[in-house]
Amino acid sequence: EQHQILQGKVQCCIAGCVITLTSLPEKLTPLIRPLMNCLKTQTDSLMQSLGAKWLSRLLDLCRERTPCPNPKIIKNLCSYVCCDSQHTPSIHPTNMGNNQKDEEEKEGSLQLTIEHGIISLLKNTAPPIRTKRGPGRPSAAVKEAMAE
């Protein structure tokens, strides 16, 4: 156990040194894998922050590279971040073109919507109360609605 933790730290630091020296090899997997493992498994916050710093530097260095590994790295990071359901809310896809509201949707729930190929995350909340009055003191009807 302790040997694996130390081995992960050493591999992450070596990858960080190579990235800092900007002498990237042709194949980046030996650099990416230890950095991703560091972010996922290290309990030491200093190592995690160093791994994140080096990974961001690697992404910056690879912007002009062909083929660019950045989309795959970002996809893997997003998958890792979203894998813990205790910290990431569950999302239920719906179709924006359908104006019918699902009766089972609860106020405050999150909803994934897709319209014209654009993915949006919406929070279902009660619509704001709108009045025809301009700025200033709200009417008595609005005060009553807000009190409820």
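This is a predicted model: local features need pLDDT of at least 70, side-chain atom pairs count only at pLDDT 80 or more; totals for chains, interfaces and linings use all residues.
Local features need pLDDT of at least 70, side-chain atom pairs count only at pLDDT 80 or more, and totals for chains, interfaces and linings use all residues. Residues are numbered from 1 along each chain as its sequence is written, and side-chain values use heavy atoms, leaving out hydrogens and water.

The protein chain has an average pLDDT of 77, and 57% of the residues score at least 70; pLDDT is the predictor's confidence in each residue, from 0 to 100. Over residues 95-107 pLDDT stays under 50.

Helices are DSSP runs (H or I, at least four residues), numbered from the N terminus. Helix 1 and helix 3 pack at about 35 degrees, with axes 10 Å apart; axes are lines fitted to C-alpha atoms over the stretch in contact, and angles run from 0 to 180 degrees between N-to-C directions. Contact means heavy atoms within 4.5 Å.

| Helix | Residues | Contact residues |
|---|---|---|
| Helix 1 | 2-20 | Lys-9, Cys-12, Cys-13, Gly-16, Ile-19, Thr-20 |
| Helix 3 | 45-61 | Met-47, Gly-51, Trp-54, Arg-57, Leu-58, Leu-61 |

Beyond four places in sequence, Leu-58 touches Ile-19, Leu-24, Leu-28, Ile-32 and Leu-35.

Asn-70 lies in helix 4 (residues 70-82). Asn-70 counts as buried because its relative accessibility is 10%, where buried means under 20% relative accessible area (1.4 Å probe, protein chains only). Beyond four places in sequence, Asn-70 touches Leu-59, Cys-62 and Arg-63.

Conventions: Helices (H or I, at least four residues) and strands (E, at least two) are DSSP runs, numbered from the N terminus. Buried means under 20% relative accessible area, exposed over 50%, partly exposed in between (1.4 Å probe, protein chains only).
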